2 protein chains.
Amino acid sequence: MKNINIGLLGLGTIGTGVAEVLLSKAGKLTGQIGIPLTLQRILVRDANKQRSIELEPHILTNHAEDVINDPEVNIIIEVIGGEHPALEYIKQAIRNGKHVVTANKEVIAKHGYELLSLARKHDVGLRYEASVGGGIPLISPFQQDLAANDISAIYAILNGTTNYILTQMSQEGLDFASALKRAQELGYAEANPTNDIEGIDAAYKLAILSGLAFHTNVNPGNIYREGISRLQANDFRYAKEFGYAIKLLAIAKRDSEAIELRAHPVFIPENSQLAKVDDVYNAIQVEGNLTGKLIFYGQGAGALPTSSAIMADVLAIARNIYHGRSNASKIELEQKLKIKPMADLKIHYYFRLTVIDRPGVLSKISTVLGNNSIGISSVIQKESNSKSQTAVLVIMTHIAEEKAVQRALQEIKGLKVVKEVSNFIRVEE
Amino acid sequence: MKNINIGLLGLGTIGTGVAEVLLSKAGKLTGQIGIPLTLQRILVRDANKQRSIELEPHILTNHAEDVINDPEVNIIIEVIGGEHPALEYIKQAIRNGKHVVTANKEVIAKHGYELLSLARKHDVGLRYEASVGGGIPLISPFQQDLAANDISAIYAILNGTTNYILTQMSQEGLDFASALKRAQELGYAEANPTNDIEGIDAAYKLAILSGLAFHTNVNPGNIYREGISRLQANDFRYAKEFGYAIKLLAIAKRDSEAIELRAHPVFIPENSQLAKVDDVYNAIQVEGNLTGKLIFYGQGAGALPTSSAIMADVLAIARNIYHGRSNASKIELEQKLKIKPMADLKIHYYFRLTVIDRPGVLSKISTVLGNNSIGISSVIQKESNSKSQTAVLVIMTHIAEEKAVQRALQEIKGLKVVKEVSNFIRVEE
């Protein structure tokens with residue numbers, strides 16, 4: 001073997017980053033592996049497009065098969081993104097005996113177990129460090145460095161777009177729409193931002209991490225999920241008054257029998273490490289029985305950080321190829337863990353209610369809460385408006401059960417003195 | 001092969017932690033590797049000592065050779081610490097064809113290259129994840145996950161003892177001696193705390209990390225080093241006034257030709273991530289050309305976190321043994337990089353001077369600084385004492401050259417109006 005040949009599926013932002021690293025660092029990479037890595041074939045949408053990097057025209061193709069079926073290609077890097085046709089390409093590549101490196105969180109979250117089993121069957125490697133946390137080492141630490149730990153919890157900021165929006169809302173007092181617009185202008189949010197702002201992206205990534213942490217197969221559809229679009233500027237002000245920041249956290253916890261999986265906005269203490277993670281940065285807090293609390297912090301997206309993760313996977317596979325070692329990995333799944341129903345969650349809550357500004361209102365509301373076994377830890381009245389005769393009630397609760405809270409909020413909505421249940425946000429202490 | 005047999009050198013705090021994990025998690029570990037890990041032989045000081053874990057008495061010995069030369073032992077875990085006889089034990093183990101896992105920062109910092117070469121010669125693995133950062137994955141991320149990066153800088157809090165002392169001084173206003181005493185009472189500092197408080201431990205760890213980051217062989221003796229014992233409570237107050245925290249940082253930077261290596265107290269902006277790392281926690285900030293800024297945070301010491309790292313290494317080696325793969329690793333060193341002389345450092349400085357409290361003093365001092373091309377960015381006068389007729393001058397400089405600063409401080413010491421150069425601390429912006 002004279003070279004290890006790479007086939008690249010996709011030459012967008014990330015694909016271009018990967019190609020750049022492969023070309024500009026060729027000597028260094030060869031030194032690390034012992035054999036050159038060659039960029040053999042690249043799937044592009046338009047072979048004639050003007051590009052920022054110089055590539056020999058004959059390596060570009062717009063037929064995926066030219067890459068996936070090329071007998072000379074050893075490793076396929078998939079950076080198309082999205083479920084289809086990326087899934088089919090990866091499967092075909094594995095069946096063709098090619099090792100696969102992918103940055104595709106959706107495919108890995110939804111089909112990771114199936115693909116890893118297929119890879120094992122065909123004795124090839126399937127690596128996906130770039131699928132979560134961009135340039136932050138996570139997959140490999142979870143698989144190797146934390147292997148002796150029982151992991152009890154993950155609390156993670158996994159989506160840079162929403163973290164940027166939340167930082168803008170918190171620091172600049174922007175409303176959601178303006179913060180989103182700013183994120184779009186800066187290229188941090190897409191024209192259609194649904195996957196980011198609705199927590200879908202975070203849920204995919206949490207499915208991958210929690211699957212590794214708990215040695216199980218997590219269906220991202222089973223992750224409870226709320227987006228950030230219903231947060232308002234005053235929620236951030238009140239959070240600060242109570243000593244909290246608002247973050248979109250992806251949370252996975254495990255007790256002996258069940259796991260809790262959710263991605264939604266939460267209040268977290270403003271002096272916690274995660275509260276200080278601003279802008280597009282990601283941070284992943286892991287709690288292991290041996291390590292205690294670990295935090296990994298860095299850029300969770302972008303061409304270069306993602307290329308770093310992809311190249312780490314490519315190098316690991318290439319080293320094994322060069323040394324004649326198998327790249328297939330053992331898949332060790334524990335018995336299927338139950339997923340705890342969201343209704344059973346026990347946590348603190350923040351409520352923001354718009355009420356008629358007159359005596360006796362709080363008494364009515366607290367009666368409903370009391371009847372549902374929800375204790376109030378503090379309450380403040382804000383924004384009295386003499387014209388509309390309304391005020392805002394901000395309530396922080398003791399630990400309560402999600403289903404009781406949902407029931408109470410329904411009852412509160414029905415009270416004549418309540419104009420609106422304007423928001424409710426869970427509080428992680 | 002029915003078992004992979006472990007020989008453990010040392011049964012102190014960490015050794016006991018490792019033994020506990022090996023015994024209590026035997027089933028889980030076997031599942032991960034495919035073959036049981038057996039604790040075959042343990043070197044102890046006193047075989048009759050009462051212990052917190054139950055061990056079959058026949059596996060204990062106080063002769064190192066019983067462990068190192070046992071033909072049944074596959075992997076040696078060295079947790080004795082210190083340079084000798086640990087170094088000799090490790091060498092002998094490698095020569096006997098045994099894989100070695102060590103937590104020994106001193107041995108790896110001073111002899112890592114030699115030992116890795118020896119291990120390669122004997123086709124065995126030598127792993128040392130536990131030598132830096134306790135339970136924080138670092139060695140493996142540097143070797144694998146960051147492999148495609150050119151690393152330009154490391155800024156790290158690598159010693160929990162000193163970070164605890166500095167946190168106490170900063171938050172509680174304690175003087176150094178009281179903070180050290182508290183650390184000793186809590187078991188965070190040893191009776192002889194020299195290795196920690198003089199930055200020796202941090203320098204060992206920096207030697208290991210910077211060697212990996214820059215693909216070179218760093219002699220810890222070449223790392224410039226200052227301890228924390230000359231810090232006083234008022235330094236922390238003044239730091240806060242200027243918007244800084246004081247941390248003992250281990251710093252490695254690289255430009256095209258030379259590396260800068262130093263471990264000493266520094267002012268860092270109080271809103272930086274590292275400034276918020278308190279108590280015994282460690283944090284390692286790495287800057288890669290692809291990843292950008294990454295931070296790894298967690299417990300840098302303690303039996304369980306260290307056991308986590310040791311077991312990660314043991315599992316990695318055991319998996320390779322089980323699959324018949326070599327554990328030897330390639331050592332790729334770049335041409336020997338020069339180490340930048342400390343005198344050439346260019347950085348901001350903080351000076352605390354005790355002066356005679358009368359007009360014209362500042363003028364004399366600023367003349368000396370000016371003559372040495374050192375610009376003042378701010379100066380405040382503090383602690384005027386009418387009895388002793390002294391005051392404290394706190395000066396922050398623009399970027400200046402270390403050798404000019406040292407020369408200026410000598411000249412300032414010679415001024416009649418200056419009672420004392422009470423402290424000077426470098427400032428990382």
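Start with chains A and B together: 40 residues of chain A are in contact with 41 residues of chain B, where contact means that the C-beta atoms of two residues, placed from the backbone, lie within 7 Å. On the chain A side, select α2 (26–33), α6 (139–145), β12 (292–299) and α12 (303–322), each of which supplies at least two of the residues touching chain B. Helices (H or I, at least four residues) and strands (E, at least two) are DSSP runs, numbered from the N terminus. Colour this side of chain A by residue type and you get 17 nonpolar, 16 polar and seven charged residues. Here Ala, Val, Leu, Ile, Met, Phe, Trp, Tyr, Cys and Pro count as nonpolar, Asp, Glu, Lys and Arg as charged, and the others, Gly among them, as polar.

What you are viewing is a predicted model, in which local features need pLDDT of at least 70 and side-chain atom pairs count only at pLDDT 80 or more, while totals for chains, interfaces and linings use all residues. Residues are numbered from 1 along each chain as its sequence is written, and chains are lettered from A and ligands numbered from 1 in the order in which they are written.

Next, select β12 in both chains. Three bridges join β12(A) to β12 (residues 292–299) of chain B, and the two strands run antiparallel; strands pair if DSSP finds at least two bridges between them. Within this pairing, A:I295 stands opposite B:Y297.

Now hide chain B. Chain A holds 14 helices and 18 strands. Its domain assignment, automatic or from a database, gives domain 1 (4–134 + 303–322), domain 2 (139–299) and domain 3 (342–427). The centres of domain 1 and domain 3 of chain A, taken over C-alpha atoms, are 52 Å apart. Along the principal axes, the C-alpha atoms of chain A fill a box of roughly 85 × 50 × 35 Å.

Then select helix α7 of chain A, residues 160–172.

Is α7(A) enclosed or open? It is largely enclosed by the rest of the structure, because 11 of its 13 residues are buried, that is, 20 or more other C-beta atoms, placed from the backbone, lie within 10 Å of their own. Among the buried residues are A:Y164, A:I165 and A:L166. To see what covers them, show elements including β7 (151–157), α8 (176–185) and β9 (244–254) of chain A.

Technical notes: Buried ≥ 20, exposed ≤ 12 C-beta atoms within 10 Å, placed from the backbone.
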